[in-house]
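Here is a short briefing to read alongside the model. Please keep the structure open as you go, and turn it to follow each topic.

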Amino acid sequence: MIQEQDNIVEVVGVSKQFPGVLALKDVSLEFRRGEVHAVIGENGAGKSTLMHILAGDLQPSQGELRIDGKPVRLRSALDSRAAGIVVVYQELALCPTMSVAENIMMSTLAADSAVSLVPRARMRKEARAALARLGMGGLDPDTKVSRLSIAEKQLVEIAGAVRQNARVLVLDEPNSALSVRESERLFDVVRQLRSEGVTVIYVSHHLKEVLAIADRVSVMRDGRKIETLDNQDLSEARLIRGMVGRDLGTARPYALDAPPPTETLALSVRHLSAAGLEDISFDVQAGEILGIGGLPDSGKDGLGEALFGLVERSGEVLVEGKPLSAHNPMAAIRSGMSFVPADRRGASGLLAMSVSDNVVSASLPRFSMAGVLRRGAIRREARAQVARLDARISHLSQKLGTLSGGNQQKIILGRSLVTNPRVLILHEPTRGIDVGAKAEIYSILRGIAAEGVAVVMISSEIPELIMNTSRVLVMRGGRISGDLSGTGINEETILARAMTS
Amino acid sequence: MAETVRTGARAPGIDRLGFARLLRAREAGVFIALLVLCLFLSFATDGFLTSLNLLNVGRQISLLGIMAVGMTFVLISGEVDLSVGSNYALSGLASGMAIIAGFGLIPALALGLAVGAAIGLINGLLSTYGRLPSLIATLGMLSMVRGTALIVTNGQPVTVNLRNGALPDVLAAFTKMGQGYLFGTIPMQLVFFVVVAAIAWFILSYTNFGFRIFAVGGSAKAARVSGISVNTVKIWAFVLMGLLAALAGILGLAFLPSSQAGRTGLGLELDVIAATIVGGASLSGGEGTILGTILGVLIIGVMRNGLVLMGVSPFVQELMIGLVIIIAVGIDKWTSRKAG
């Protein structure tokens with residue numbers, strides 16, 4: 001009985017089914033009153049689904065949540081807040097046009113009558129008190145939120161949560177945008193809240209920080225909770241073992257079967273720096289598939305854009321020995337580089353246009369004469385690419401947006417191939433694609449490499465890197481922290497290089 | 001860091017008076033532009049700086065101003081209302097036809113205001129629960145309301161006078177609303193505008209509802225998780241807009257007692273939005289002030305008046321007004337981008 005009272009939130013046998021994916025499988029977890037409880041796991045382990053359930057954004061397909069031992073249904077963020085749970089996401093729920101005080105006091109004012117007056121003086125005073133409680137007495141409550149740093153915004157959101165008497169505070173990847181000093185300040189706040197009896201659920205990739213702050217750590221993998229550990233004599237290696245598991249990571253690395261790289265240098269990167277990237281240098285041979293791995297804030301997600309010239313950069317990028325001019329994607333395409341961004345819906349696919357228009361959209365000069373499109377040539381090329389990539393479409397004028405994710409990605413790959421690239425850069429090439437189509441895309445990429453194209457695959461999915469690349473660069477803090485090949489390419493080593501310094 | 005140093009270097013005495021803050025306020029640019037414009041006109045023309053002319057400007061901008069105040073609410077809440085010109089016509093006609101039909105003043109005014117509020121309510125419902133972008137919803141309403149006005153009047157002009165059936169004392173009171181003067185000098189329309197603006201300023205600055213409008217427009221997500229009903233707030237903003245468009249329409253008919261459904265208030269929505277935007281309200285929501293809107297309305301009003309006094313052709317006037325809109329909003333965007 002006493003045991004039960006110690007738990008403020010219990011997750012009991014929760015499963016969450018999405019179309020085609022079982023994101024959570026029978027997860028049971030207890031969060032104790034006044035503890036800092038870290039939840040860790042790889043991408044897709046189910047952490048964020050679980051947090052969305054706690055936040056009231058998602059409802060479990062099976063199982064239940066209990067608060068103070070009583071089953072509850074959280075149907076909205078409002079329900080969840082009423083139950084004392086506040087989730088602070090990376091993308092903050094603050095109103096940038098309003099002041100710090102107005103944001104901190106927003107839910108208090110929302111509870112008042114709409115025809116009442118706003119108690120400005122009291123608001124400022126209470127906001128100042130809430131800030132002071134978190135050691136931020138120096139922040140002027142009249143400052144506009146849009147003028148604050150990310151760390152300050154985060155603390156303002158926490159201050160608002162604390163003022164609503166949050167009993168459970170969920171911090172989702174709180175450190176990813178913070179400097180070391182800001183992280184220290186956040187830790188002080190977390191410790192302060194713990195001493196006041198608040199439960200802090202800390203979702204993070206940063207094992208060192210997890211070990212520094214957490215009382216207990218729950219490890220998730222493939223939608224299951226693997227274990228909950230007391231933070232005594234825990235090491236980063238121990239946590240990584242939990243995240244990787246013994247049964248997984250057995251897939252045979254492609255590196256062991258990959259053809260030996262040719263001696264032709266296709267892509268050279270020398271001292272590349274850009275926003276979130278520092279002094280990156282590497283080479284890729286023609287015919288090689290190079291993997292780039294790392295955590296979400298490691299800088300890997302900005303690498304593709306920087307190489308392709310979509311963002312300002314310094315340093316040199318050479319395709320077959322010829323330097324590319326910076327910040328000029330058109331020149332990159334002409335020099336033989338092609339890029340497939342991660343965001344298929346937003347950035348790379350012309351969803352409202354037809355399959356054939358998408359296929360030729362990166363090579364229009366070749367398919368037009370005096371500014372007039374050569375429809376026949378376009379259809380021939382599109383038909384050829386569709387056949388080559390085995391894309392399942394009903395007809396060439398079908399809109400891209402009506403295809404499945406896998407077929408969309410094939411068409412976008414086709415568009416890259418039409419440009420006859422020497423270097424093909426892909427960012428999260430199989431995100432949101434079902435297993436069958438993933439396998440097909442992998443084999444297409446191997447085929448492309450076998451034809452002598454240098455393929456760079458930037459991916460958050462470690463198994464994908466292991467099974468498809470002949471060499472893996474791991475990034476951390478904007479730099480390359482590991483260059484793995486052969487048997488060195490395994491989940492444990494990749495995670496270790498990505499997470500520990 | 002640089003920011004702190006800069007403000008720290010300012011003389012503290014000046015800051016205490018709030019001058020520095022006043023200059024940094026969003027309205028400062030518009031205010032200075034207005035000042036420059038007035039100074040220029042004072043020297044360039046004989047007639048500008050006379051109390052008669054200034055009161056005349058005040059009357060001319062009042063109807064636009066009343067509607068712009070309503071538009072300020074809608075824009076801050078993150079929406080837009082294109083139907084206000086049509087609303088202006090239909091609501092005025094509703095009151096006018098009621099007076100001709102022998103209604104008393106209060107019932108006739110109530111009818112016009114109710115029509116305006118109902119249009120606002122429909123706009124609000126379509127833009128929230130109807131999940132249409134307000135640009136589309138109110139564009140549709142622009143036509144529907146104008147169409148309704150044409151149908152009920154059969155396209156014929158409606159003139160409010162004794163011959164058509166208005167009761168003498170009702171007509172006298174109605175006419176006084178539009179053409180009368182307070183203390184014999186201040187046009188009644190201007191009085192209405194000042195009262196409306198004062199109430200609106202109070203609501204936006206001091207009431208919980210005003211706070212909610214800013215919150216909803218600044219970040220609907222933040223407002224929602226704080227427990228604010230985003231839809232309710234937006235619907236109320238549209239209803240207020242509808243009421244104020246109706247008030248302006250009624251006053252317009254009271255000033256010039258003849259209205260034609262096909263012409264009255266045609267294209268007025270663009271002037272209203274322009275004045276509000278010039279005053280610093282943001283089309284993306286969350287920003288705007290009544291003071292700014294008043295300044296925006298004044299700029300457009302003074303500009304029109306000054307160009308007439310200088311004998312500039314009405315064609316050139318249109319061109320100049322457009323230029324002012326682009327420059328006024330442009331200055332704000334170009335400078336705010338640098339400030340981050």
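In this predicted model, the buried residues of helix 14 of chain B are B:L268, B:E269, B:D271, B:V272, B:I273, B:A274, B:A275, B:T276, B:I277 and B:V278. That makes 10 of the 11 residues in helix 14 (residues 268-278) of chain B, so the helix is largely enclosed by the rest of the structure.

**Helix 14 of chain B**
- Counting a residue as buried takes 20 or more other C-beta atoms within 10 Å of its own C-beta, and B:E269 and B:D271 are on the buried list along with B:V272 and B:I273.
- After helix 14 of chain B comes B:G280, which has a positive phi, near 105°.

**Chain B as a whole**
- If you are counting elements, chain B has 16 helices and 4 strands.
- The radius of gyration of chain B is 21 Å, which agrees with the value near 20 Å that a compact globule of 340 residues would have.
- The C-alpha trace of chain B spans about 70 × 55 × 35 Å along its principal axes.
- Of the 340 residues in chain B, 48% are buried.
- Among contacts in chain B with a separation of 6 or more, 77% join residues 24 or more positions apart.

**Strand 21 of chain A**
- Strand 21 (residues 471-476) of chain A is mostly covered, with 6 of its 6 residues buried.
- Which residues cover the two sides? A:R471, A:L473 and A:M475 lie on one side of strand 21 of chain A, A:V472, A:V474 and A:R476 lie on the other, and all are buried.

**Neighbours of strand 21 in chain A**
- Strand 13 (residues 289-294) of chain A pairs with strand 21 of chain A in the parallel sense, over 5 bridges; here A:G293 has A:V474 as its bridge partner.
- Strand 22 (residues 479-485) of chain A pairs with strand 21 of chain A in the antiparallel sense, over 6 bridges, and A:L484 in strand 22 stands opposite A:V472.
- Strands 21 and 22 of chain A form a hairpin with 2 residues between them, and A:G477 in the turn has a positive phi of about 55°.

**Domains of chain A**
- The domain assignment divides chain A into domain 1 (2-244), domain 2 (254-336 + 421-499) and domain 3 (352-419).
- Between the C-alpha centres of domain 1 and domain 3 of chain A there are 45 Å.

Technical notes:
Residues numbered from 1 in each chain as written. Chains lettered and ligands numbered in written order. Predicted model: local features only at pLDDT ≥ 70, side-chain atom pairs only at ≥ 80, totals over all residues. Buried ≥ 20, exposed ≤ 12 C-beta atoms within 10 Å, placed from the backbone. Pairing = 2+ DSSP bridges. Rg over C-alpha atoms; globule rule 2.2 N^0.38 Å. Contact = placed C-beta atoms within 7 Å. Domains from an automatic or database assignment.
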